Amino acid sequence: MRKRLSQIISTLLLGTLLVTGCSSEGSAPATSTQTATPSADATAPAASKVQDIKDGINLATDLSKLPEAAAKRTDTFIAGLTEPGGVFNPFFYHNGYDGNVTSAIFESLVDVDATGKPVPKLAEKWDVSPDQLTYTFHLRPNLKFSDGSPLTAEDVAFTLTILHDKTYDGETDIFVASIKGGREYKERKANTIEGIKVIDPQKIQITTEKVNAKSLVLLGGQVLSKAYYGKEYKPGNLEYLRTLHGKPLGAGPYKLEAYIPGQEVRYLANEHYYKGKPQVEHFIYKTTEGDALQFIQTGEMDYNSFTVNSDNIEQLQELGYVNINLYTSSAYSYIKFNHSKPFFKDKRVRQAFIYGLDRQKILDLTYQGYAQVANVPISPVSWAYTEDVNPYAYNPEKAKQLLDEAGWKPGADGIREKDGQKLIVHYYTTKGKLGEVLIPIAKENYKELGIQFEAEMMDYNAVLARTEKGDHDLASFSTTMLIDPDDGVDAFSTKKGKSGFTGTNGYSNAKVDELLEAGLSTLDIEKRKAIYKDLYKELSDDPPYILLGYRKILSAHNGKIKGLEPNPFTGISTSLPGIKIE
Amino acid sequence: MTSYFLKRVFYMALTLFGASILIFFLYALTPGDFVDTSLKLTAERKLELKAMYGLDKPVVERYFIWMKNALQGDFGYSLQYQQPVMSLLNDYIWNSFLLAITSTFFTWLIAISIGVLSAARQHSWFDALVTIGVFAAMSLPVFFVGLLFIKLFAVDAKLFPAGGMMMIGSKETGLTYAWDVVQHMFLPVTVLTLLSVGTLTRYFRTNMLEVIQQDFVRTARAKGLKEKVVLHKHALRNALLPAITLLGFELPALFGGAIITEKIFNWPGVGQLYMQAFSVRDYPLLMGFTMFLAILTVIGNLSADLLYRVADPRVRLK
């Protein structure tokens, strides 16, 4: 009887975890670090059953098992998406899921490939002047918005202009590109932006004041129609745009057919798309909360993303009719040091904190093998990734030695002391799987070194607010999806100070500052590679963070859908125009 | 009656004023705001945005701005959805209402019938069975039953849809659409009813038992009235009286959304919207919705009291 009871209880517990862990990840460029804290069964160790699953697309084994509903569907592709909010304008949404919705409707001049390198889209090609300050985009001939109206350089100029408006409240920071005359426009000292020149309908020239490797993708972003979005535009007033958020007009592969709040977003193929009308006529983003495996099981849905764990992979494999996509995320997770605390001023102490933490074990227990230890602040999928840094393999002896060298000697109670101060650190994290696993291991690891580790779990916003105030020693976070390598390191710049992702609270390293600057001041990827290699070495030696890991992202799609290749940077949006249903 | 009513309305206004202060300051003093949760912004940009949204003003001033607009029926723009809070709630709240009103109807129907029956046959096997069943239903967690039902009835047996409010991509209108929604409602309504029927059944059973033992029921029986008439006409009416108060309390719950149930069954209700708003600190939406619920609670209370006066002459005399 006792045994039965415990069985029932454990089933119930597992159920709770299933429900609470329902934060669908991966399908969206998530806006928060909650992506770092998925949860599933809390006790299962690293999986062994599903070793045959590789990175990339694992093809379906038995399409005959396809549920009737899915087999019957020939002109509709249905993907799952967590809660879009209805702001379908690429420059105004505040919710990453709205970003997914918009990316099917709007097309950009330049896109990035699976390694984060820029590739042409609406722009056929671009020239950069020898001083790398002036960009000339050459638009493809006969571009059209989905209503058939022409897309010209004027539209590009208009899009860039409203991003400079004083009342623009979206999250795109166009000033990163430092377009000439941009500040003046914002302050209403000029009526136009000096650096933006429309040469002819197919050619636009943009002059910037500072070389920045991120400018190209930023300037070559999605395009808004001037005729549609600019009708009522007066500098200093963007209020009117709100009424258009629900009625988007773009040049992407699909156009919006209907948005039913909380339920679905329906699209129709855009006949004016520059690559030709997509073959699949209807596309639907169905709002789902969590993994929603049941919709794949009943055949109502073709694509969804899942929390990576062996249970989910096993279940998907058993279905037989889905292609399982496994790829490494472009984000990384980390624990940040508060560099304004005296004990973290000495880099040997920080190094000791990394050597002394069994990161491999933490990741294995949290992600069951579907994550790898991070040693550079960029994901292995990026062109800038390198392994040529100190791997900081778990080594408590080395950590102890470093602490000794730094002058932290064990006190009477076993806790290290220096100048009468005990080595007691306070760590904040959000509720979730990673925290649950990390806290006990870190406590034990650090106790062995003579460090007292005090952990507290709290709501994500509370962690953010407290760390911004500097009211912490250690706190864990994860980045959002990172496209340019600079996105993963810009927080380390002294100039950025506390801003950037969540800041470093006082990290300062002149060489890092210099390399960060250098990394942005050329557009040549080969040169940048070398610079980032040096930067990562320096960061490895004088660590601003304890880097934790790169997670895998899991998604699955009905095997009938051909040509769908989820991409760590852009998700499924890049594949949309080329999908076929067999 | 009029002076009583006016007095009540005055107290109502006072309660709401208190509630608005509480709601506003609870949210305003929670660490982090909407701008803070945007990770990609620079410090400078954050300050600009805070100024744009009025988040840089002193808290007390922000309260009065909010109050002034709210009194004019303007609860502001949701920061995340860039839409007026009221129109946004309007998109979701009726879905929650539909689910709640249906399951409340069935809950009361079942609870009253079972409650009356088991009270009439106190200590019978039926009564014992009901008591056991009631406790079982009360102790099951909703997510467990929900997931179990999806597995059994949707995925395996394919009797009902696995979630949502309509077939994906369905363009049906009129009756076929209504039928589609009814099918999608079946599982969530069953789960909600199953789990809330327990408490209510116990409530009615106890009430009935109490009333049955009273003198007027004994008198009615002594007069030789049929047991059916005694139970339904005399006892039940009196046993139902206290339920009016209970019904008043249901009002905010009807619009509040059953967060977990909506989540499990992917129902496009207001509960999910609320959770989402909370995670990004979309204060206008949160405050607007909470205030709306506070208003409903107060109205529910008032109408319960007024109904009670109509139903029970003894209250009227006081």
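Axes are lines fitted to C-alpha atoms, for helices over the stretch in contact, and angles run from 0 to 180 degrees between N-to-C directions. The model is predicted: local features need pLDDT of at least 70, side-chain atom pairs count only at pLDDT 80 or more, and totals for chains, interfaces and linings use all residues. Residues are numbered from 1 along each chain as its sequence is written, chains are lettered from A in the order in which they are written, and side-chain values use heavy atoms, without hydrogens and water.

**View 1. Chain B has 14 helices and zero strands.** Helices (H or I, at least four residues) and strands (E, at least two) are DSSP runs, numbered from the N terminus. Along the principal axes, the C-alpha atoms of chain B fill a box of roughly 85 × 60 × 35 Å.

**View 2. Helix α4 (residues 85–120) of chain B crosses helix α5 (residues 125–139) of chain B at roughly 135°.** The two axes come within 8 Å. That angle makes α4(B) oblique to α5(B) (under 35 degrees is roughly parallel, over 145 roughly antiparallel, 65 to 115 roughly perpendicular, the rest oblique). The contact (heavy atoms within 4.5 Å) uses B:Ile114, B:Leu117 and B:Ser118 of α4(B), with B:Phe126, B:Asp127 and B:Val130 of α5(B). These residues divide into four nonpolar, one polar and one charged. Ala, Val, Leu, Ile, Met, Phe, Trp, Tyr, Cys and Pro count as nonpolar, Asp, Glu, Lys and Arg as charged, and the others, Gly among them, as polar. The crossing of α4(B) past α5(B) is left-handed (near helix turned anticlockwise from the far one by less than a right angle; clockwise is right-handed).

**View 3. Helix α10 (residues 243–256) of chain B packs on helix α13 (residues 283–311) of chain B at about 160°.** Their axes are 8 Å apart. α10(B) is therefore roughly antiparallel to α13(B). The crossing is right-handed. Residues in contact include B:Phe249 and B:Phe255 in α10(B), and B:Phe289 and B:Tyr308 in α13(B). The contact divides into 14 nonpolar, six polar and no charged residues.

**View 4. Domain 2 (106–240) and domain 3 (328–552) of chain A come from a domain assignment, automatic or from a database.** Their C-alpha centres lie 36 Å apart. Across the boundary, 14 residues of domain 2 of chain A contact 17 residues of domain 3 of chain A. The two domains bury about 1100 Å² between them, 60% of it on carbon and sulfur atoms. Buried area is the accessible area (1.4 Å probe) that two parts lose on being put together, summed over both.
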